[in-house]
Amino acid sequence: MEYDFTYDLYGNPEARLSMGAEAFGRWLSEECGSQAKAAALLDMAQQQRTATHPFTQSSAVATLRIEQGEVTIRAHGDDTAAELAEDFALYDSEADACCGIDDFIELVEAWHEFLN
């Protein structure tokens, strides 16, 4: 998973991830833009590496789920997404992303370091 961290025109941190992982970038940018939130997320992710029960966290932007070493994020959207034509499959793919727990921890560590 490739990523790039930068600041937007207003000085807010922004995470941009490679195709197929865009939902993680939006979620990090909009929900985990402070050092404290990134630190809490990193701690939780490291605990989930050995957890035997699933973890789910919902926010205004997305739902994060960690289960059996797999991290999935599903962006919340409006109900019109189901009405989109097949031509919009690429757009729809930006709403979901998944990766392994180790890749997720690496991403969150890098994000936390960027915010420091």
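## Basis of the model

Residues are numbered from 1 along each chain as its sequence is written, and side-chain values use heavy atoms, without hydrogens and water. In this predicted model, local features need pLDDT of at least 70 and side-chain atom pairs pLDDT 80 or more, whereas totals for chains, interfaces and linings use all residues.

## Packing of H2 and H4

Helix H2 (residues 35-48) and helix H4 (residues 101-115) have axes that come within 9 Å and cross at roughly 160 degrees. H2 is therefore roughly antiparallel to H4, a term for angles over 145 degrees. The crossing of H2 and H4 is left-handed, meaning that the near helix is turned anticlockwise from the far one by less than a right angle.

Residues in contact (heavy atoms within 4.5 Å) include Leu-41, Leu-42 and Ala-45 of H2 and Phe-104, Val-108 and Trp-111 of H4. By class, the contact of H2 with H4 has 11 nonpolar, 4 polar and 1 charged residues.

## Salt bridges

The whole structure holds 5 salt bridges, each defined by a side-chain nitrogen of Lys or Arg within 4 Å of a carboxyl oxygen of Asp or Glu. One of them joins Glu-30 and Arg-26, at 3.2 Å from N to O. Both residues lie in helix H1 (residues 22-31), 4 residues apart, about one turn of the helix. Glu-30 is partly exposed at 47% relative accessibility (partly exposed lies between buried, under 20%, and exposed, over 50%, with a 1.4 Å probe and protein chains only).

Arg-16 pairs with Glu-14, their closest N and O atoms being 2.9 Å apart. For Glu-67 and Arg-65 the corresponding distance is 3.1 Å.

Note on methods: Axes fitted to C-alpha atoms, helices over the stretch in contact; angles between N-to-C directions. Helix = DSSP H or I, 4+ residues; strand = E, 2+ residues; numbered from the N terminus. Parallel < 35°, antiparallel > 145°, perpendicular 65-115°, else oblique. Nonpolar A, V, L, I, M, F, W, Y, C, P; charged D, E, K, R; others polar.
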